[in-house]
Amino acid sequence: MLSFAVNVALKLQRVPRENLINLGLGVLVLIVVVTLIKYAARINKFLLFMVILVTVMVVGLTWVYERNEPKFLTPMIDAIAPFFPTRPKY
């Protein structure tokens, strides 16, 4: 087993540092998401709905204002954009 651990350690030294940092951040985000989901299961459903609604509205209005939405949502944002302010073009 010791030779296996040494072999793994040598292989990990050759992995770029950016990849290890991204993997660590991914694991951290996964832990935070699971913790938040467990917490959200215990709170009032109406409060959870309101938090999700406000988050979706803020992201949606930011997309309309900045016009930086994902490509597949562009037709939907084009339909609602005339009703909301957009950033002036310079």
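These legends go with a set of close-up views of a predicted model.

**View 1. Glu-66 and Arg-87 pair up through their side chains.**
Here the N to O distance of the salt bridge is 2.7 Å. Glu-66 belongs to helix α3 (residues 45-66), while Arg-87 sits in the segment after α4 (74-80), so this contact ties together parts that are 21 residues apart in sequence. How accessible is Glu-66? Glu-66 comes out as partly exposed, at 31% relative accessibility.

**View 2. Arg-67, Glu-69 and Asp-78 form a network of salt bridges.**
Zoom in on Arg-67 and you'll find a salt bridge to Glu-69, plus another to Asp-78. For the Glu-69 contact, the closest N and O atoms are 3.1 Å apart; for Asp-78, the N to O figure is 2.6 Å. The Asp-78 pair links distant parts of the chain, with Asp-78 in helix α4 and Arg-67 in the loop between α3 and α4, eleven residues apart.

Is Glu-69 buried or exposed? Glu-69 counts as buried, because its relative accessibility is 11% and the cut-off for that label is under 20%. Arg-67, at 33%, is partly exposed. Asp-78 is also partly exposed, with 40% relative accessibility. Taken with the Glu-66 and Arg-87 pair, the tally for the model is three salt bridges.

**View 3. Nine nonpolar residues make a surface patch of about 890 Å².**
Which residues build this nonpolar patch? On the list are Phe-46, Phe-49, Met-50, Leu-53, Met-57, Leu-61, Ile-80, Phe-83 and Phe-84. Helix α3 gives the most to the patch, contributing six residues.

**View 4. Met-57, one of the patch residues, up close.**
Met-57 is part of helix α3, the element that gives the most to the nonpolar patch. With 47% relative accessibility, Met-57 counts as partly exposed.

Conventions
Residues numbered from 1 in each chain as written. Predicted model: local features only at pLDDT ≥ 70, side-chain atom pairs only at ≥ 80, totals over all residues. Heavy atoms only, no water. Salt bridge = Lys/Arg side-chain N within 4 Å of Asp/Glu carboxyl O. Helix = DSSP H or I, 4+ residues; strand = E, 2+ residues; numbered from the N terminus. Buried < 20%, exposed > 50% of the residue type's maximum accessible area, 1.4 Å probe, protein only. Patch = residues over 30% accessible without salt bridge, like charges linked within 9 Å, V, L, I, M, F, W, Y side chains within 5 Å. Areas by Shrake-Rupley, 256 points an atom, 1.4 Å probe, with all protein chains shown as cover.
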